[in-house]
Amino acid sequence: SQNTLGTWYYTGHIVAQDYGEALKWWAQAAEKGNSDATANMAMCYQLGHGVAADSLLATNLYKAAVKRGNKQTIAQHEQIVRNTGSIFSSALLYDIYANGIGVAQNKKKADSYLQNVASAGNPEAQYRLALNLLNGQRPAEAAMWFERASKAGVVGATYYLGLLTYQGMGISQDKQRGVELLKQAADKDFAAAHYQLGKIYLEGNGVEPDDTLAVAHLKKALRTNADARWLLGLCYLKGQGIRQDYYLAAQWMAEAGPSHLDQFNKLLADDNNGPYSQYLLGLRRYIVDKNLDAAMGCFRKVEKAKIAEGKTMQAVIMASKDYPKRNQKKAAKMLQKLVEKKQSAVAAYYLSSMTGAGAGIKKD
């Protein structure tokens with residue numbers, strides 16, 4: 001009855017037409033779960049009848065009506081699109097079909113409505129459509145839409161356009177232009193662009209190799225990109241573009257996660273019980289197995305390869321209360337030499353702890 005009364009006020013049937021009064025009655029019916037009233041409220045907010053127009057609220061109300069079983073809303077908006085090409089209705093139908101709201105999910109149908117919105121010049125719709133096309137193995141069409149969205153200032157579109165241009169995927173290959181576009185995206189702090197540039201500068205593919213610049217870009221991609229964490233770990237391992245540091249190499253390789261486990265295992269196999277394998281084994285013997293003598297043997301091999309972490313970890317073990325040959329004074333001197341030569345950040349950390357506690361060195 002509330003919904004019907006709202007309709008009478010909206011159309012001027014029996015009573016004087018009054019959009020505000022119509023909206024009041026529809027709101028009461030919608031609160032009780034009436035799907036027709038919910039859709040009618042959405043229409044008021046869409047058209048600004050009896051209330052200030054609010055497209056976002058209208059969209060949410062239409063979706064709520066559909067969730068409550070109002071399939072007529074979908075049919076009405078499909079008819080509106082056929083008759084007028086309405087961008088609002090196209091956007092609503094895209095959302096409904098893309099997310100399966102009240103209907104079976106239909107990506108193809110969703111994209112047809114998204115294309116209407118994109119063609120009308122909406123940059124975010126252009127970007128979203130391009131992503132869908134790229135995921136659907138249609139890179140040429142994707143590149144076209146990425147370019148449009150990029151010109152409108154969508155940073156993600158600039159990144160993908162740069163990547164496709166660099167790779168020659170769906171567009172003529174131009175590595176120099178691709179790198180420039182990636183730089184534009186990186187300048188706006190798009191993490192994936194920083195990763196790609198880091199990789200490109202490491203490989204020197206299309207640019208002059210620059211390990212230092214590569215590391216700088218990789219560091220800016222660490223928060224969201226596991227591949228960047230892996231590559232930075234390799235840079236620390238090799239001392240490529242940054243001071244060699246086995247501790248940080250191990251940390252970032254671990255942070256890269258299980259997706260890089262095969263690469264990690266291959267790395268150890270190629271190392272063939274070399275210094276990095278011995279360093280990791282030494283950590284295991286020290287931390288997990290509690291076999292400090294065995295750990296000390298591993299770290300001596302690391303030191304023999306002139307890797308600072310070998311000496312650092314020997315000093316750490318020597319200062320440990322669990323080591324039978326404990327000698328805190330000697331351990332502190334070993335750490336001091338490493339710190340003076342700026343060879344090990346880990347040595348600086350442990351030396352600070354010993355200095356604060358006055359363990360083997362004057363308390364300060």
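Tutor: Helices here are DSSP runs of H or I with at least four residues, numbered from the N terminus, and the model to which this is applied is a predicted one. The structure holds eleven salt bridges, among them the pair E78 and K109, whose closest N and O atoms are 3.5 Å apart. Because E78 lies in helix α5 (residues 72-84) and K109 in helix α7 (residues 107-119), this pair ties together parts that are 31 residues apart in sequence. Of its two members, E78 is buried, with a relative accessible area of 13%, whereas K109 is partly exposed at 32%.

The salt bridge between E180 and K183, with closest N and O atoms 3.7 Å apart, sits within helix α11 (residues 175-187), where the two residues are three apart and thus separated by about one helical turn. Here E180 is partly exposed, at 41% relative accessible area, and K183 is also partly exposed, at 30%. A further salt bridge joins K311 to E303, with 3.2 Å between the closest N and O atoms; K311 has a relative accessible area of 29% and is partly exposed, and E303 is likewise partly exposed at 29%.

Note on methods. Residues numbered from 1 in each chain as written. Predicted model: local features only at pLDDT ≥ 70, side-chain atom pairs only at ≥ 80, totals over all residues. Heavy atoms only, no water. Salt bridge = Lys/Arg side-chain N within 4 Å of Asp/Glu carboxyl O. Buried < 20%, exposed > 50% of the residue type's maximum accessible area, 1.4 Å probe, protein only.
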